Amino acid sequence: MKLVFAAGEFPPLLLQQGVKRIGSAVDADIALRDPEILPQHCELHVNPQGVMLKIARGATVTVNQRPADGLISLRVGDLIGFAGVQASIMALDAPRPPSPAPELDDVGATTVRAALPKYALRSQTGRMLGRSYPLTGATFVGRAPDCQLRLDDSNLSRKHAKLIPTNEGVVIEDLGSTNGSFHNGKRVQRAVAKAGDEIGFDTLRFRLLELGAEGVHAIENTAPSRAGLSRWVFGLLGVIAATVVVVLLWQR
């Protein structure tokens, strides 16, 4: 709360915890110049429970235009008269609410395009052969469920390695794994891989790809589909069968 004087006889006063002396004395906390105000006219006692007005004997004070004496409890909105000087108890200014965020469907708003990953790993071995994994940021590799690149291989550590894409390449950091991390076939604790380099975790091998603007779409189709693989197998069997028939006819 604060005490505000109607005619500006005294600057607005923040009512902080403690005692404020009001009067005509030069050492008063609130010195008012009015012939009817006593040197020690009254006191404001501020505590966590509220504001109390203690009026000196013989002092002319009104609260809400009614004569008052002794000890009076004050509230926000009360009008106090110190002889001919008027003041009121007011609440502190409420903080201004923050400006509303712009509407998402604002036709003038600029759409922020998500950054495309610069690199991806393409598997060279095992069941994941041909699959690609975009590196969208710092990537933990291992068996732990919270790894961004989770590989279900019992020979890998739970947190095996960390990959950090940079403008110069991808930083490989081995995290104390049992079976090691590799760069172009060499076991490393830390190395920087360039596009085309081989990155390995134990026996698993990956090729580092540098993606273009359409990289995300390109890598989505790198893993061979089951239908495509089936067509390839049946086609191969057809070629073999035709070859066998030709050989048998030739032998006749």
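1. Salt bridges overall. A search of the whole structure, which is a predicted model, turns up four salt bridges. Three of them are taken up in the points that follow.

2. Arg 21 and Asp 29. These two residues form a salt bridge, and their closest N and O atoms are 3.9 Å apart. That passes, because the limit for a salt bridge is 4 Å. Arg 21 counts as partly exposed, at 24% relative accessibility. Asp 29 is also partly exposed, at 36%.

3. Lys 159 and Asp 146. Here the closest N and O atoms of the salt bridge are 3.5 Å apart. The pair links distant parts of the chain, 13 residues apart. Lys 159 sits in the loop between E15 and E16, and Asp 146 sits in the loop between E14 and E15. Lys 159 is partly exposed, with a relative accessible area of 33%. Asp 146 counts as exposed, at 53%.

4. Arg 190 and Glu 173. The side chains of these residues meet in a salt bridge, with 2.3 Å from N to O. This pair, too, links distant parts of the chain: Arg 190 belongs to strand E20 and Glu 173 to strand E17 (residues 170-174), 17 residues apart. Arg 190 is exposed, at 54% relative accessibility.

5. The five-stranded sheet. Strands E17 and E20 also belong to an open sheet of five strands, in the order E15-E14-E16-E17-E20. Its pairing is mixed. Strand E15 (149-150) and strand E20 (190-193) are the edges, as each pairs on one side only. Inside the sheet, strand E14 (residues 139-142) runs antiparallel to strand E16 (residues 161-165), and three bridges join them.

6. Strand E22 covers residues 204-210. Is this strand mostly covered or mostly open? It is mostly covered, since five of its seven residues are buried. Strand E12 (residues 119-123) is antiparallel to E22, with five bridges between them. Strand E21 (residues 198-201) is antiparallel to E22 as well, with four bridges. Look at Phe 206 in E22. Phe 206 is the bridge partner of Ser 123, and Phe 206 is also the bridge partner of Ile 199.

7. The turn between E21 and E22. These two strands make a hairpin with two residues between them. In this hairpin, Asp 202 takes a positive phi near 55°.

8. Asn 64 has a positive phi of about 55°, although it is not a glycine. Asn 64 lies in the loop between strand E7 (61-63) and strand E8 (66-67). Ala 83 also has a positive phi, near 55°. Ala 83 lies in the loop between strand E10 (79-82) and strand E11 (85-90). Are they buried or partly exposed? Asn 64 counts as partly exposed, at 40% relative accessibility. Ala 83 is buried, with a relative accessible area of 16%, because the cut-off for buried is under 20%.

9. A buried charge at Asp 78. Asp 78 is in the loop between strand E9 (71-74) and E10. This residue is buried yet has no salt bridge. Which side chain of opposite charge is nearest? It is Arg 75, at 4.8 Å. Leaving aside residues up to four places away in sequence, Asp 78 touches Asn 64, Ser 73, Ala 87, Ser 88 and Ile 89. Asn 64 is the residue with positive phi from the previous point.

10. Lys 186 and Gly 200. Lys 186 is in strand E19 (residues 186-188). The residue is exposed, with a relative accessible area of 59%. Lys 186 and Gly 200 are 14 residues apart in sequence, and their C-alpha atoms are 8.9 Å apart in space.

11. The protein as a whole. Its secondary structure comes to two helices and 22 strands. Of its 252 residues, 33% count as buried. The accessible surface is about 16400 Å², and 55% of that belongs to carbon and sulfur atoms. Take the contacts between residues at least 6 apart in sequence: 35% of them join residues at least 24 apart.

Definitions and conventions: Residues numbered from 1 in each chain as written. Predicted model: local features only at pLDDT ≥ 70, side-chain atom pairs only at ≥ 80, totals over all residues. Heavy atoms only, no water. Buried < 20%, exposed > 50% of the residue type's maximum accessible area, 1.4 Å probe, protein only. Pairing = 2+ DSSP bridges. Lys, Arg positive; Asp, Glu negative; His and termini not counted. Contact = heavy atoms within 4.5 Å. Areas by Shrake-Rupley, 256 points an atom, 1.4 Å probe, with all protein chains shown as cover.
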